[in-house]
Amino acid sequence: MEAETDPIPLDLPDEKFFTLSDGRTLAYTETGDFTSRKLFIGFHGVFGVGAVSPHHNQFYASRGWRCISPSVPGWGRSSPFPSNLPLCAFASDIAQLIRHLVPPPTQSHALYSGVTHLVFFGGSYGSLWAYACAANMPPSHMQRIEPASAIRGLLVMGGFSPFRDHEGHTEGMSWLNYLTVGRPGQYFPLSLIHPFVGGIIQSKIAGKMDGSLEILRQILTGPKAMNPEERAAMETWVATFGQTFEEWERFMARNMALSVLHTLDGYSAVPRIINSDWGFRMSEILVAGATVGNSSHQRDSISIVPSVLPPVVIAGALRDHLAPIAMQRWVASQIPGAQFIALEGNHISGIISMLSMVSGLLAGIAEADANA
């Protein structure tokens, strides 16, 4: 058998581990200003782990934010999410982590954290976990964080809608996605497809850079998934951080290789979680400063992200067949004060605009603070 030509370390640099109240482990990395009480918490999609590019450290630190990137349950070294709990219970896990990261200012406030600003980000499947946190943080949840108005922003890119609530979620969805993670995939014999495919992918990418690069190029970054204009735009974007496209590809591939190295539980749970009753509705996501009635405002096919954005932004790509844009349009119509933004490109194209959107969101929060 041919030896792996490019072995990778089995650990993320600077990865940290937090033990939750029930004994489960939540793995995460962080960057930015480690002394800040302003937390930007981002959740990755399938075949990802909680890894923040070191090239982004200055981006968050210069704005006075601390960026936290957990590995979502069942991926990387994070424990699986309990199958007997609804998705909304995940907010309790993150509340515990927040209190650990930003302790209470005084002993008399021992039940509270010292956080002043919270922004949640979710990309692709990570959107589910971001929604859960934005909708279920105190005072509606058992864990207490003070003040409740600390939730200042929500940014979702290429996210999914709750299949149980959104009747039109299949619009634009590929047949493969529909049969594996959609409702048909919940029933025998189609329920056998998802774990079968997962086993094949795990054998190819777990701890293997070469196999991960091959899969990544097949579904996201190769010529069949990304046209020349998108490739050129991505190359320009990564160059701003002193990277080549190939270096960025390898960063993504490394994360894929680590995502299923220890377990396939996260992948196996995707159909069950995405089709389940999440325990909350999109209308319950209330973000400080979001103007009710703004949700009808849409920006289609933008090329330049506004320098200042509202507190809730839901973005989707026009050629996304993994999480079709109809999902993001629907989600934006349900969340009070959300602004919908349509981007050119496919599922991964939003990465090019991600930091511009984060910058606009944080600028809007700073502007609101200055005017308070």
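Let's start with serine 69, which touches Ala27, Tyr28, Thr29, Gly42, Gly50, Ala51 and Val52, leaving aside residues up to four places away in sequence. You'll find serine 69 in strand 4, which covers residues 66-70. Keep in mind as you look around that this is a predicted model. Is serine 69 buried or exposed? With a relative accessible area of 9%, it falls under the 20% cut-off, so serine 69 counts as buried. Its side chain also reaches the backbone nitrogen of alanine 51, at 3.4 Å. Alanine 51 is one of the residues that serine 69 touches, too.

Now zoom out to the whole chain. There are eleven helices and nine strands in its secondary structure. The chain has 372 residues, and 56% of them are buried. If you take the contacts with a separation of 6 or more, 79% are between residues 24 or more positions apart.

Next, let's see how some helices pack. Two packed helices are described by the angle between their axes and the distance between the axes. Which residues make the contact between them? Helix 2 brings Phe90, Ala91 and Ile94, while helix 3 brings Trp129, Ala132, Cys133 and Asn136. Sorted by class, that's six nonpolar residues, one polar and no charged ones.

Helix 5 (residues 193-205) and helix 9 (residues 265-275) are another pair to look at, with axes that come within 10 Å and cross at roughly 155 degrees. An angle over 145 degrees counts as roughly antiparallel, so that is how helix 5 and helix 9 run relative to each other. Their crossing is right-handed. On the helix 5 side, the contact is made by His194, Val197 and Gly198; on the helix 9 side, by Tyr267, Ser268, Val270 and Pro271. Here the classes come to four nonpolar, three polar and no charged residues.

Stay with helix 9 for a moment. How many of its eleven residues are buried? Eight are, so helix 9 is mostly covered. The buried ones are Gly266, Tyr267, Ala269, Val270, Pro271, Ile273, Ile274 and Asn275. And what do they pack against? Helix 5 is one partner, along with helix 3 (126-136) and helix 4 (175-180).

Note on methods
Residues are numbered from 1 along each chain as its sequence is written. This is a predicted model: local features need pLDDT of at least 70, side-chain atom pairs count only at pLDDT 80 or more; totals for chains, interfaces and linings use all residues. Side-chain values use heavy atoms; hydrogens and water are left out. Helices (H or I, at least four residues) and strands (E, at least two) are DSSP runs, numbered from the N terminus. Buried means under 20% relative accessible area, exposed over 50%, partly exposed in between (1.4 Å probe, protein chains only). A polar contact is a pair of N or O atoms within 3.5 Å; within protein, one must be able to donate a hydrogen and the other to accept it, and residues adjacent in sequence count only if both atoms are side-chain atoms. Contact means heavy atoms within 4.5 Å. Axes are lines fitted to C-alpha atoms, for helices over the stretch in contact, and angles run from 0 to 180 degrees between N-to-C directions. Angles under 35 degrees count as roughly parallel, over 145 as roughly antiparallel, 65 to 115 as roughly perpendicular and the rest as oblique. A crossing is left-handed if the near helix is turned anticlockwise from the far one by less than a right angle, and right-handed if clockwise. Ala, Val, Leu, Ile, Met, Phe, Trp, Tyr, Cys and Pro count as nonpolar, Asp, Glu, Lys and Arg as charged, and the others, Gly among them, as polar.
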